[in-house]
Amino acid sequence: MILVRHGRTTANASGTLAGRLPGVRLDEHGLEQAARAAERIAPVPLALAVTSPMERCQETLSTILEGRPEQPSVVVEDGVAECDYGEWQGEKISTLARRKLWKTVQTQPSAVTFPGGESMPTMQARSVEAVRRHDAAVTAAHGDGAVWLCVSHGDPIKSILADALGMHLDLFQRLHVDPASISVIRYGEGRPTVLATNTHAGDLAWLAPKQAPKKGRKSSRRRSDDAVLGGGAGPGEASAAADLGGAR
């Protein structure tokens, strides 16, 4: 799964917490960021594209998919929508940082429920459920080597990464997810493997299956999620470790 945060928005640039407010769109810099993400992802065949319903995510996805030779099915998924910050939406971050709840957001997010909104554990639970559900469906339809894309928001992506890393939600503020950054997770039978977090450069050709499965056909190659002792040979390198899941 390739996880992309939306590009920078007018709200990001002004220091405002957008939340689920309508009409928040990418600014000029955000459109450039989305275009760079598109270039990085271009070499990878995509079996599916999932997006938050927020305009900024759909704009980012449209930029990523523009001009691709294959156009994957697109699913608008409420499960990866922005956190419902309730009464905090539309407020300046500088104002929110002076509120008592802000410290709890930083140190114990598992105890946070935003006034008039949702709790952070609820946000994590529905985000993780959504991506694991789509990942299982892609694997069942296309095989273990298939790659799919999800465009979401900073806090949901951080919560998904925390789950994959086995981190308690109270530690998820140790992670950072910039606008239009790319993170990569592989869900295996035994455990998830986090292959990249918050990256900004380099194409992702190393994620592409050696032989992309035809539509409706599964890849015959099966990868193990076993860790390779010593770290393996790295992406795209031929080695005996490839059969143990460490070469890619």
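**Backbone angles and a helix pair**

Tutor: Asn198 has its place in strand E6, residues 192–199. Please keep in mind that this is a predicted model.

Student: What is the phi of Asn198?

Tutor: Asn198 is not a glycine, yet its phi is positive, at about 50°.

Student: Is Asn198 buried or exposed?

Tutor: Buried means under 20% relative accessible area. Asn198 has a relative accessible area of 17%, so it is buried.

Student: Which phi does Ala180 have, and where does Ala180 lie?

Tutor: Ala180 also is not a glycine and has a positive phi, of about 65°. Ala180 is found in the loop between H7 and strand E5 (182–187). Because its relative accessibility is 9%, Ala180 counts as buried.

Student: Let us turn to the helices. How do the axes of H6 and H7 cross?

Tutor: Helix H6 covers residues 120–142 and helix H7 residues 154–165; their axes come within 9 Å and cross at roughly 70°. H6 is therefore roughly perpendicular to H7, since angles of 65 to 115 degrees count as such.

Student: Which residues of H6 and H7 meet?

Tutor: On the H6 side they are Met120, Met123, Gln124, Ser127, Val128, Val131 and Arg132. These meet Asp155, Pro156, Ser159, Ile160, Ala162 and Asp163 in H7. By class, the contact of H6 with H7 has seven nonpolar, three polar and three charged residues.

Conventions:
Residues are numbered from 1 along each chain as its sequence is written. This is a predicted model: local features need pLDDT of at least 70, side-chain atom pairs count only at pLDDT 80 or more; totals for chains, interfaces and linings use all residues. Side-chain values use heavy atoms; hydrogens and water are left out. Axes are lines fitted to C-alpha atoms, for helices over the stretch in contact, and angles run from 0 to 180 degrees between N-to-C directions. Helices (H or I, at least four residues) and strands (E, at least two) are DSSP runs, numbered from the N terminus. Angles under 35 degrees count as roughly parallel, over 145 as roughly antiparallel, 65 to 115 as roughly perpendicular and the rest as oblique. Contact means heavy atoms within 4.5 Å. Ala, Val, Leu, Ile, Met, Phe, Trp, Tyr, Cys and Pro count as nonpolar, Asp, Glu, Lys and Arg as charged, and the others, Gly among them, as polar. Buried means under 20% relative accessible area, exposed over 50%, partly exposed in between (1.4 Å probe, protein chains only).
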